[in-house]
Amino acid sequence: MSDPHGPELGRPSYRPQAGGAPIVPGQRQPAGDDAKGPERTSNAAVGAIIVASIGWILPILGGVAAIRRGNAAVRSIEASGGALDGLGLALWARRLGWVYVAVWSVLLFIWLGGPGIQLFYDLLRRLL
């Protein structure tokens with residue numbers, strides 16, 4: 001890979017299809033021999049990774065925000081037809097969001113586990 005602006009690690013590079021076959025959504029449009037691929041990174045992907053990088057501060061909500069922003073970024077990149085890049089950023093934002101949700105859920109369960117479960121059980125007993 002001598003091209004510094006080539007595809008991201010693990011992301012396939014697209015080649016123009018022979019015979020003028022239809023282009024599927026998310027695939028790069030062939031523009032001739034001098035096609036260079038996407039010209040810019042999606043702002044939504046950059047925003048998603050920023051939210052994911054500071055999302056650990058808010059219990060569970062930061063992770064949910066990172067997952068939602070990552071999903072929105074993936075949709076915008078796919079809808080651009082190959083004009084935008086940043087799929088790796090969006091995917092990592094989603095992954096970090098899920099990690100935050102899992103870790104904060106476990107920590108909150110451990111912290112509130114005994115007293116929280118007892119309180120919930122007492123409330124249910126009084127209501128029923």
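Reader: Let's start with α1: which residues of it are buried?

Author: Keeping in mind that this is a predicted model, the buried residues of α1 are Ala45, Ala48 and Ala52. They cover an arc of only 60° around the axis, which puts them on the same side of α1.

Reader: Why would residues spaced like that point the same way?

Author: An α-helix has 3.6 residues a turn, so residues three or four places apart point the same way.

Reader: And what do the buried residues of α1 pack against?

Author: Their packing partners are two other helices, α2, which covers 61–79, and α3, which covers 87–127.

Reader: Which exposed residues sit on the face turned away from the buried side of α1?

Author: That face carries Asn43 and Ile54, both of them exposed.

Reader: How far does α1 reach from its first C-alpha to its last?

Author: The helix has 12 residues and spans 17 Å between those two atoms, which is close to the 16 Å expected at 1.5 Å a residue.

Reader: Switching to the surface, which residues form the nonpolar patch?

Author: The patch is formed by Val46, Ile50, Ile54, Trp56, Ile57, Leu58, Leu61 and Leu89, and together these residues have about 770 Å² of accessible area. Helix α1, residues 43–54, gives the largest share of the patch, with 3 residues.

Reader: Take Ile50 from that list; why does it count as partly exposed and not as exposed?

Author: Ile50, which lies in helix α1, has a relative accessible area of 47% and is therefore partly exposed, because the exposed class begins over 50%.

Reader: What about Val64, where is that found?

Author: Val64 belongs to helix α2, and with a relative accessible area of 36% Val64 is also partly exposed. The C-alpha atom of Val64 is separated by 6.9 Å from that of Val101, although the two residues are 37 apart along the chain.

Reader: Zooming out, what pattern does the protein follow along the sequence?

Author: The order is β-α-α-β-α, made up of 3 helices and 2 strands. Of the contacts between residues at least 6 apart in sequence, 68% join residues at least 24 apart.

Technical notes:
Residues numbered from 1 in each chain as written. Predicted model: local features only at pLDDT ≥ 70, side-chain atom pairs only at ≥ 80, totals over all residues. Heavy atoms only, no water. Patch = residues over 30% accessible without salt bridge, like charges linked within 9 Å, V, L, I, M, F, W, Y side chains within 5 Å. Areas by Shrake-Rupley, 256 points an atom, 1.4 Å probe, with all protein chains shown as cover. Salt bridge = Lys/Arg side-chain N within 4 Å of Asp/Glu carboxyl O. Helix = DSSP H or I, 4+ residues; strand = E, 2+ residues; numbered from the N terminus. Buried < 20%, exposed > 50% of the residue type's maximum accessible area, 1.4 Å probe, protein only. Expected span 1.5 Å × (residues − 1). Arc of directions from axis to C-beta. Contact = heavy atoms within 4.5 Å.
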